[in-house]
Amino acid sequence: ILHDTAVRAYYDELRARDVSHPAALRQIGNRFVGILHGCLKTNTRYNQATAWSHRTTPTIAA
């Protein structure tokens, strides 16, 4: 949370939705486990831009 702006934004979003601090940290941890699984499965290195791209791309309103 301290060094990754995308993770911090996700944490802040969770807290804004009234998710408790421990629950927010668990959700972030679960996300990292999923990312790690994907990295191991595809034999690729962690890339912040790829891992959190779904959170940084603007959505287009229809």
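# Briefing on a helical protein model

Tyr46 is partly exposed, with a relative accessible area of 38%; in this scheme buried means under 20%, exposed means over 50%, and partly exposed lies in between, with a 1.4 Å probe and protein chains only. The structure is a predicted model, in which local features need pLDDT of at least 70, side-chain atom pairs count only at pLDDT 80 or more, and totals for chains, interfaces and linings use all residues. Residues are numbered from 1 along each chain as its sequence is written, and side-chain values use heavy atoms, with hydrogens and water left out.

**Overall architecture**

- The protein contains four helices and zero strands; helices (H or I, at least four residues) and strands (E, at least two) are DSSP runs numbered from the N terminus.
- Read from the N terminus, the order of elements is α-α-α-α.
- Of the 62 residues of the protein, 23% are classed as buried.
- The accessible surface of the protein amounts to about 4900 Å², and carbon and sulfur atoms account for 57% of it; such areas come from the Shrake-Rupley method with a 1.4 Å probe, and for residues only the protein chains shown count as cover.
- Among contacts with a separation of 6 or more, 32% join residues 24 or more positions apart, where contact means heavy atoms within 4.5 Å.

- In H2 the buried residues are Ala23, Ala24, Ile28, Ile35 and Cys39, and the buried residues of H2 pack against H1 and H3.
- Leaving aside residues up to four places away in sequence, Ile35 touches Tyr46, Ala51 and Trp52.

**The aromatic pair**

- A search of the whole structure finds one aromatic pair. Rings of Phe, Tyr and Trp (its six-membered ring) pair if their centres lie within 6.5 Å; planes under 30 degrees apart count as stacked, over 60 as edge-to-face and the rest as tilted.
- The ring centres of Phe32 and Tyr46 are 6.3 Å apart and the ring planes stand at 50 degrees, so the pair is tilted.
- Phe32 belongs to helix H2 and Tyr46 to the loop between H2 and helix H3 (48–51), so the pair ties together parts that are 14 residues apart in sequence.
- Phe32 counts as partly exposed, at 32% relative accessibility.

- A search of the whole structure finds one salt bridge, defined as a side-chain nitrogen of Lys or Arg within 4 Å of a carboxyl oxygen of Asp or Glu.
- Arg8 and Asp12 form this bridge, and their closest N and O atoms are 3.2 Å apart.
- Both Asp12 and Arg8 lie in helix H1, four residues apart, which is about one turn of the helix. An α-helix has 3.6 residues a turn, so residues three or four places apart point the same way.
- Asp12 is partly exposed at 36% relative accessible area, and Arg8 is partly exposed at 37%.

**Loops and positive phi angles**

- Most residues other than glycine have a negative phi.
- Asp18, in the loop between H1 and H2, has a positive phi near 65 degrees although it is not glycine. Asp18 is exposed, at 73% relative accessibility.
- Asn43 is found in the loop between H2 and H3 and has a positive phi of about 55 degrees although it is not a glycine. Asn43 is exposed, with a relative accessible area of 71%.
- Asn47 also has its place in the loop between H2 and H3, and Asn47 is partly exposed at 38%.
- Asn47 and Ile35 are 12 residues apart in sequence, and their C-alpha atoms are 9.5 Å apart in space.

- Gln48 lies in helix H3 and counts as partly exposed at 34% relative accessibility.
- The C-alpha atoms of Gln48 and Asp4 are separated by 8.3 Å, while the two residues are 44 residues apart along the chain.
- Not counting residues up to four places away in sequence, Gln48 touches Asp4, Thr5, Ala6 and Ser53.
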